[in-house]
Amino acid sequence: MASTVLDPHALRTFDVYPLSQFQELKGAGRDVCVLHIVRHAEGTHNVGRNYRDLENLDARLTSLGEQQCAQLAASCSDETEALKA
């Protein structure tokens, strides 16, 4: 009797769908994951473009960056609640 051994180092492929199709795919029994790819918010190093300045090794968010984070957090929360429905 032959057995199949799965290679733990084998690459797995994924299909990409719009978030609007999440419920439909889940309802069809598909194994669905949601991946959020997020760029960082505005930091002090972005404003002055002083990327190599030693003060910017641990750059802080600007007030705009803090607003961007708050907006993103609210948006992610809304999307998460919609996915639970």
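1. A quick definition to start: pLDDT is the predictor's confidence in each residue, from 0 to 100. This is a predicted model, so please keep in mind that local features need pLDDT of at least 70 and side-chain atom pairs count only at pLDDT 80 or more, while totals for chains, interfaces and linings use all residues. Residues are numbered from 1 along each chain as its sequence is written, and side-chain values use heavy atoms, with hydrogens and water left out.

2. On confidence, the protein has a mean pLDDT of 83, with 91% of its residues at 70 or more. Helix α1 (residues 22-27) has the highest confidence, at 91, and helix α3 (residues 63-84) the lowest, at a mean of 84. Helices here are DSSP runs (H or I, at least four residues), numbered from the N terminus.

3. Two salt bridges are counted, each meaning a side-chain nitrogen of Lys or Arg within 4 Å of a carboxyl oxygen of Asp or Glu. In one, arginine 30 pairs with aspartate 15, with the closest N and O atoms 3.5 Å apart. That pair links distant parts of the chain, 15 residues apart: arginine 30 sits in the loop between α1 and α2 (44-48), and aspartate 15 in the segment before α1.

4. Do have a look at the exposure of these partners. Aspartate 15 is exposed, at a relative accessible area of 56%, whereas arginine 30 is partly exposed, at 39%. The cut-offs are under 20% for buried, over 50% for exposed and partly exposed in between (1.4 Å probe, protein chains only).

5. The other salt bridge joins arginine 60 and aspartate 58 (3.2 Å, N to O). Arginine 60 is exposed, with a relative accessible area of 54%.

Note on methods
Helices (H or I, at least four residues) and strands (E, at least two) are DSSP runs, numbered from the N terminus.
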